[in-house]
Amino acid sequence: MGHRRGSIELAGAFMMRPAPGGGAFLYTPCRGLERFDSVASVKSTMSTWLEVSEQREALFRYLSLSQRAALSTNETLTLTTVSVAGAVFEEQQRALQNNLRNNAQGMLEELYSAPSLTSMLEQAI
(Lines give C-alpha, C1' and ligand atoms only; values in the text may rest on other atoms or scores of the structure.)
Protein backbone atom coordinates (compact mmCIF):
# COMPACT_ATOMS: atom_id res chain seq x y z
CA MET A 1 0.00 0.00 0.00
CA GLY A 2 1.55 3.30 -1.02
CA HIS A 3 1.19 6.75 0.47
CA ARG A 4 3.08 9.98 0.11
CA ARG A 5 5.99 8.81 2.31
CA GLY A 6 6.54 5.38 0.76
CA SER A 7 4.95 1.97 0.86
CA ILE A 8 3.69 -0.07 3.80
CA GLU A 9 2.97 -3.77 3.64
CA LEU A 10 -0.61 -4.57 4.66
CA ALA A 11 0.43 -7.25 7.15
CA GLY A 12 -1.93 -10.17 7.44
CA ALA A 13 -3.54 -9.64 4.03
CA PHE A 14 -2.63 -11.30 0.76
CA MET A 15 -4.07 -12.08 -2.66
CA MET A 16 -3.73 -15.37 -4.52
CA ARG A 17 -4.10 -15.46 -8.28
CA PRO A 18 -5.18 -16.95 -10.53
CA ALA A 19 -7.97 -18.71 -8.66
CA PRO A 20 -9.21 -22.01 -10.09
CA GLY A 21 -11.59 -21.05 -12.87
CA GLY A 22 -10.22 -17.49 -13.01
CA GLY A 23 -10.33 -14.48 -10.74
CA ALA A 24 -8.43 -14.10 -7.49
CA PHE A 25 -8.70 -14.88 -3.79
CA LEU A 26 -8.12 -12.25 -1.12
CA TYR A 27 -7.37 -13.13 2.47
CA THR A 28 -7.68 -10.54 5.21
CA PRO A 29 -7.70 -11.34 8.93
CA CYS A 30 -10.88 -9.31 9.40
CA ARG A 31 -12.89 -10.94 6.60
CA GLY A 32 -11.22 -14.28 5.93
CA LEU A 33 -10.86 -15.75 2.45
CA GLU A 34 -12.97 -14.22 -0.31
CA ARG A 35 -13.15 -14.92 -4.04
CA PHE A 36 -13.25 -12.11 -6.62
CA ASP A 37 -13.83 -12.14 -10.37
CA SER A 38 -10.57 -10.32 -11.11
CA VAL A 39 -7.53 -8.64 -9.61
CA ALA A 40 -9.11 -5.30 -10.56
CA SER A 41 -12.18 -6.11 -8.47
CA VAL A 42 -9.93 -6.99 -5.50
CA LYS A 43 -8.17 -3.63 -5.75
CA SER A 44 -11.45 -1.76 -6.23
CA THR A 45 -13.03 -3.44 -3.21
CA MET A 46 -9.97 -2.84 -1.04
CA SER A 47 -9.91 0.82 -2.08
CA THR A 48 -13.53 1.11 -0.99
CA TRP A 49 -12.76 -0.57 2.34
CA LEU A 50 -9.92 1.88 2.95
CA GLU A 51 -12.39 4.77 2.69
CA VAL A 52 -14.64 3.40 5.48
CA SER A 53 -13.08 4.04 8.90
CA GLU A 54 -14.25 0.77 10.54
CA GLN A 55 -13.01 -1.34 7.64
CA ARG A 56 -9.81 0.69 7.35
CA GLU A 57 -9.11 0.14 11.05
CA ALA A 58 -9.73 -3.61 10.67
CA LEU A 59 -7.27 -3.76 7.74
CA PHE A 60 -4.68 -1.76 9.71
CA ARG A 61 -5.00 -3.88 12.87
CA TYR A 62 -1.76 -5.78 12.20
CA LEU A 63 0.35 -2.77 11.22
CA SER A 64 2.82 -1.42 13.74
CA LEU A 65 1.81 1.67 15.69
CA SER A 66 4.34 3.78 13.79
CA GLN A 67 2.94 2.56 10.46
CA ARG A 68 -0.60 3.43 11.55
CA ALA A 69 0.54 6.87 12.64
CA ALA A 70 2.19 7.43 9.25
CA LEU A 71 -1.11 6.79 7.45
CA SER A 72 -3.29 9.85 7.77
CA THR A 73 -7.03 9.22 7.84
CA ASN A 74 -7.57 11.82 5.08
CA GLU A 75 -4.77 10.51 2.91
CA THR A 76 -5.59 8.74 -0.35
CA LEU A 77 -3.75 5.43 -0.45
CA THR A 78 -2.58 3.58 -3.54
CA LEU A 79 -2.81 -0.20 -3.54
CA THR A 80 -0.02 -2.14 -5.20
CA THR A 81 0.74 -5.83 -5.33
CA VAL A 82 4.07 -7.57 -4.92
CA SER A 83 4.67 -11.22 -5.75
CA VAL A 84 5.88 -13.35 -2.87
CA ALA A 85 8.64 -15.69 -3.96
CA GLY A 86 8.30 -18.55 -1.52
CA ALA A 87 5.98 -19.51 1.28
CA VAL A 88 3.19 -16.95 1.73
CA PHE A 89 2.43 -17.87 5.33
CA GLU A 90 6.09 -17.62 6.34
CA GLU A 91 6.21 -14.17 4.71
CA GLN A 92 3.08 -13.16 6.62
CA GLN A 93 4.60 -14.41 9.86
CA ARG A 94 7.77 -12.40 9.16
CA ALA A 95 5.76 -9.21 8.53
CA LEU A 96 3.68 -9.67 11.69
CA GLN A 97 6.76 -10.38 13.81
CA ASN A 98 8.53 -7.29 12.42
CA ASN A 99 5.52 -5.15 13.31
CA LEU A 100 5.41 -6.57 16.85
CA ARG A 101 9.15 -5.96 17.20
CA ASN A 102 8.69 -2.36 16.00
CA ASN A 103 5.93 -1.86 18.59
CA ALA A 104 8.16 -3.21 21.38
CA GLN A 105 11.03 -0.95 20.26
CA GLY A 106 8.69 2.06 20.20
CA MET A 107 7.50 1.31 23.73
CA LEU A 108 11.09 1.02 24.97
CA GLU A 109 11.98 4.36 23.38
CA GLU A 110 8.97 5.97 25.09
CA LEU A 111 10.00 4.48 28.45
CA TYR A 112 13.59 5.67 28.05
CA SER A 113 12.44 9.20 27.25
CA ALA A 114 9.99 9.36 30.18
CA PRO A 115 11.17 10.92 33.42
CA SER A 116 12.11 8.52 36.19
CA LEU A 117 9.69 7.76 38.99
CA THR A 118 12.09 9.40 41.45
CA SER A 119 12.17 12.67 39.49
CA MET A 120 8.38 12.69 39.13
CA LEU A 121 7.95 12.16 42.89
CA GLU A 122 10.45 14.92 43.65
CA GLN A 123 8.52 17.32 41.40
CA ALA A 124 5.23 16.39 43.04
CA ILE A 125 6.56 16.99 46.55
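User: How many residues join E4 to E5 in the hairpin?

Analyst: Strands (E, at least two residues) and helices (H or I, at least four) are DSSP runs, numbered from the N terminus. Here a hairpin links E4 to E5 through three residues. Keep in mind that this is a predicted model, where local features need pLDDT of at least 70, side-chain atom pairs count only at pLDDT 80 or more, and totals for chains, interfaces and linings use all residues. Residues are numbered from 1 along each chain as its sequence is written, and side-chain values use heavy atoms, with hydrogens and water left out.

User: Which way do strands E4 and E5 run, and how many bridges join them?

Analyst: Two strands pair if DSSP finds at least two bridges between them. E4 (residues 24–28) and E5 (residues 32–36) run antiparallel, joined by five bridges. Leu-26, for instance, has Glu-34 in E5 as its bridge partner.

User: Is Leu-59 buried or exposed?

Analyst: Buried means under 20% relative accessible area, exposed over 50%, partly exposed in between (1.4 Å probe, protein chains only). Leu-59 counts as buried because its relative accessibility is 5%. You will find Leu-59 in helix H2 (residues 53–60).

User: What does Leu-59 touch?

Analyst: Contact means heavy atoms within 4.5 Å. Leaving aside residues up to four places away in sequence, Leu-59 touches Leu-10, Thr-28, Cys-30, Met-46, Trp-49 and Leu-50.

User: Which residues touch the most other members of the largest nonpolar core?

Analyst: In soluble globular proteins, nonpolar side chains tend to be buried together. A nonpolar core is a set of buried Ala, Val, Leu, Ile, Met, Phe, Trp, Tyr and Cys residues joined through side-chain atoms within 4.5 Å. In the largest one, with 16 residues, they are Leu-10, Met-46, Leu-59 and Phe-60. E4, helix H1 (39–51) and H2 each give this core two or more residues.
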